[in-house]
Amino acid sequence: MDPKTLLKELISIDSINPFRTAMKDGIRYGIGNENKIADYIQDILKNNNFTVSKQTFQKEAIVETDYNKVAVVPERFNIVAEKGQGEKSILFFAHLDTVDIKEDWNSNPFEPVVKVVDCKEKVYGLGAYDMKAGIAAILAATSKVNPQGYKIKVAFVADEEFWSFGTEHLLKTNLLNDVELIIVPEISDADKKTEFPSIILGRRGRVEYEFKIKGKSTHGALARVSESAVNAVHESIKLQGEILKYCQESEKTFSFQDIQIKNSAYINYHYGGKGVISIPEYSRFLLDRSFIVGEDAEKELQRLTEIVIQAQENGVIDNRAKIEINLRNRPTPYCRPYFFDPGIPVIQKFIKKVNKFYDGFEFGVGYSVADENRLAILDIPVVSFGPEGGNCHSPDEWVDVNSLIKLTDFFKELVNNWTN
Ligand SMILES: [Zn+2]
């Protein structure tokens, strides 16, 4: 099987995550759109002598959507498969969904275009880099192999780009019980210093804090004279300034060899006021915070609460405003930061194989969260090692064909000689 042809087939199957959910009896269902691509992959795996199973985490149902409309939610599932025999296994992991189509594509996102740009042969298409090339590499590399003394497992999950319902379900199954290394041919958004591929050893974590500000309304015409009015939008904006100042002052850096990665924060949502002649009584904003290893979301919540109390005590924020801070409510846990030391024996083994096959490599830590953050909870070493590409979550997403072929050949080499 040729990974380039496979990639083109995969791109032509729409697996955009609709980023919509529906509620029934207090349970949140994802609408999803991965079944067609999952069926396609399932057939390939069966033809390649894998024992395949479907991990269904949501049954088809008729439910109410967030907008009080009735929706049919489809069955949703991960595809997992294995072959070989042995006590230990290695797992190749990929997600099936893509993000939506961003504006200004120069071609049809579902009709792969192959073009030479900057002396590189590139395939353009939605999900080319994130992460259908990774799927193609896994399928092509494992098609013929007949593992001896160990097992190869593969997991293709749904919903990575949204709430990660697929991986959260996977973690509850026993698929990972005997896995010694997880390999994820996912995008690398780490700072690159060389032209060599990155072995991503960790990722930042990410949490959202929700701030709710309650003020007190009066007629808008009395804004300057009313003693009792508390403008929730004004207090909210001042508070955002205080919070961002604190985040800047508490900047921290994670360092490993020549990797340096910082924590960061920004406001990703702000609401308040109705645009009428009344003092806004309510405002809400979300602080999106990325953490490095060693930081703790709950401790940070305490710290943020202290900042608010201080700001109200010293009069920066009106002390009559009622301010609540919480971790944003979400259906799956937030992503914790992680980092695996390259000295861990199984990672050493992986690195040695990379070193033998490629002219060089570098270590990286990803800026963005991914399902690897969730897998890392189990303490099974996870490495992301993907092809070269660009424009993920943007128009004209592409992947470099040579790097895809090289990655496939490397995976072949890896699975054929894992126990040597
Ligand atoms: Zn991805």
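**Cores, helices and domains**

The largest nonpolar core holds 82 residues, and those with the most contacts inside it are Leu-45, Phe-92, Phe-156, Ile-182 and Phe-350. Helix α3, residues 128–142, gives the most to this core, with 11 residues. The model is predicted.

**Cores**

- Ile-182, one of the residues with the most contacts inside the largest core, touches a set of residues beyond its neighbours within four places in sequence.
- That set consists of Leu-91, Phe-93, Leu-176, Leu-375, Ile-380, Pro-381, Val-382 and Val-383.
- Another core lies apart from the largest one and has 23 residues, including Val-230, Tyr-246, Cys-247 and Val-308.

**Helices α1 and α3**

- Helix α1 covers residues 3–12 and packs with α3 at an angle of about 130 degrees, the two axes being 9 Å apart.
- Angles from 65 to 115 degrees count as roughly perpendicular and those over 145 as roughly antiparallel, so α1 and α3 are oblique to each other.
- Their crossing, that of α1 and α3, is right-handed.
- On the α1 side, Pro-3, Leu-6, Leu-7, Leu-10 and Ile-11 make the contact.
- They meet Ala-128, Lys-132, Ala-133, Ile-135, Ala-136, Leu-139 and Ala-140 in α3.

**Domains**

- The domain assignment gives the protein chain domain 1 (3–204 + 337–416) and domain 2 (207–327).
- The centres of domain 1 and domain 2, taken over C-alpha atoms, are separated by 36 Å.
- Domain 1 puts 13 residues into the contact and domain 2 puts in 15 residues.

Conventions:
Residues numbered from 1 in each chain as written. Predicted model: local features only at pLDDT ≥ 70, side-chain atom pairs only at ≥ 80, totals over all residues. Heavy atoms only, no water. Core = buried A, V, L, I, M, F, W, Y, C linked by side-chain atoms within 4.5 Å. Buried < 20%, exposed > 50% of the residue type's maximum accessible area, 1.4 Å probe, protein only. Helix = DSSP H or I, 4+ residues; strand = E, 2+ residues; numbered from the N terminus. Contact = heavy atoms within 4.5 Å. Axes fitted to C-alpha atoms, helices over the stretch in contact; angles between N-to-C directions. Parallel < 35°, antiparallel > 145°, perpendicular 65-115°, else oblique. Left-handed = near helix turned anticlockwise from the far one by under 90°. Domains from an automatic or database assignment.
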